[in-house]
Amino acid sequence: MHDRVYKTDDEWRQELTPAQYRVMREGGNEPPFTGAFVDHHARGIYCCAACGQTLFAAKVKFDPGTGWPSFWAPVNPSHVAHHPEHTMVRQRDSVSCDRCGAHLGYAYEDGPAPTGLRYSINSVALAFEPEEQAIEEGVSAPPYEEGASAPT
């Protein structure tokens with residue numbers, strides 16, 4: 001279980017950059033193909049930039065060509081909260097960090113096996129821990145079904 005993080009609006013404004021605040025606290029999105037993690041291929045763990053909660057392992061990251069870092073599963077499903085949105089164009093879920101409530105991006109049901117999900121996440125909502133650092137801190141990627149791997 002993880003402890004919830006509660007901060008005032010002023011505290012978030014002091015801790016986050018203006019771009020992070022706009023995305024993570026106001027529900028905005030960064031423009032496609034502009035984020036630091038769009039073309040990032042290092043091994044490690046992506047965490048919430050606001051509270052440090054582990055979110056996604058690099059081994060489940062893939063490139064759907066949309067312009068945002070995309071993952072097919074969270075490290076732990078309870079770390080990412082889903083909020084269904086229904087529009088005239090398509091159905092999607094807004095996703096947030098379950099620990100601090102920060103808006104991360106969206107989840108769609110057009111991703112690869114084994115989950116069929118695509119978590120399209122704003123780079124400014126993420127912090128990256130290289131694999132060596134994550135191992136030292138006792139953070140690891142989740143076990144997946146035998147033979148399941150990130151799509152190429």
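Start by selecting Phe71: at 0% relative accessibility it counts as buried (buried is under 20% relative accessible area, exposed over 50%, partly exposed in between, with a 1.4 Å probe and protein chains only). This is a predicted model, in which local features need pLDDT of at least 70 and side-chain atom pairs count only at pLDDT 80 or more, while totals for chains, interfaces and linings use all residues. Residues are numbered from 1 along each chain as its sequence is written, and side-chain values use heavy atoms, with hydrogens and water left out.

**Stop 1: the ring partner of Phe71**

The ring centres of Phe56 and Phe71 are 4.4 Å apart and the planes stand at 15°, so the pair is stacked. Rings of Phe, Tyr and Trp (its six-membered ring) pair if their centres lie within 6.5 Å; planes under 30 degrees apart count as stacked, over 60 as edge-to-face and the rest as tilted. Phe56 sits in strand E2 and Phe71 in strand E4, so this pair ties together parts that are 15 residues apart in sequence. Helices (H or I, at least four residues) and strands (E, at least two) are DSSP runs, numbered from the N terminus.

**Stop 2: the rest of the rings**

With Phe56 and Phe71, they form one aromatic cluster. How many aromatic pairs does the rule give? The count comes to six. One of them is Phe37 with Phe128: centres 6.3 Å apart, planes at 45°, so the pair is tilted. Phe37 lies in the loop between H2 and E1, and Phe128 in strand E9 (residues 126–130), so here the linked parts are 91 residues apart in sequence. Phe37 is buried, with a relative accessible area of 11%.

**Stop 3: strand E8 and its neighbours**

Select residues 118–121, strand E8. Arg118 and Ser120 point one way, Tyr119 and Ile121 the other way, and all are buried. Now show E4 (residues 70–71). Two bridges join E4 to E8, and the strands run antiparallel. Phe71 has Tyr119 as its bridge partner in E8. Next, show E7 (residues 103–108). Four bridges join E7 to E8, again antiparallel. Look for Tyr106, which stands opposite Ser120 in E8.

**Stop 4: the whole sheet**

Colour six strands in the order E3-E4-E8-E7-E6-E5. They form an open sheet with antiparallel pairing (two strands pair if DSSP finds at least two bridges between them). Which strands stand at the edges? Strand E3 (61–62) and strand E5 (80–86) do, each with a single partner strand, so one side of each is left without a neighbour in the sheet.

**Stop 5: the nonpolar core**

Select Cys48 and Cys100. Of the 30 residues in the largest nonpolar core, these two touch the most other members. A nonpolar core is a set of buried Ala, Val, Leu, Ile, Met, Phe, Trp, Tyr and Cys residues joined through side-chain atoms within 4.5 Å. Helix H2 (18–24), strands E1 (44–48), E2 (54–57) and E6 (91–97), and E7 and E8 each give two or more residues to this core. H2 gives the most, with three residues. Now display what surrounds Cys48. Beyond four places in sequence, Cys48 is in contact with Met24, Gln53, Leu55, Cys97, Cys100, Ala102, Ala125 and Ala127 (contact means heavy atoms within 4.5 Å).

**Stop 6: Leu16**

Move to Leu16, in the loop between helix H1 (9–15) and H2. Is Leu16 buried or exposed? At 8% relative accessibility, Leu16 counts as buried. Leaving aside neighbours within four places in sequence, Leu16 is in contact with Tyr21, Met24, Arg25 and Ala50.

**Stop 7**

Zoom out. The protein has three helices and nine strands. From the N terminus, the elements run α-α-β-β-β-β-β-β-β-β-β-α. Buried residues make up 44% of the 152 residues. Among contacts between residues at least 6 apart in sequence, 57% join residues at least 24 apart.

Finally, colour by pLDDT, the predictor's confidence in each residue, from 0 to 100. The protein averages 88, and 84% of the residues score at least 70. Select residues 143–152: pLDDT stays under 50 there, and the model has 15 contacts beyond four places in sequence for this stretch. Where pLDDT is low, the predicted coordinates should not be read in detail.
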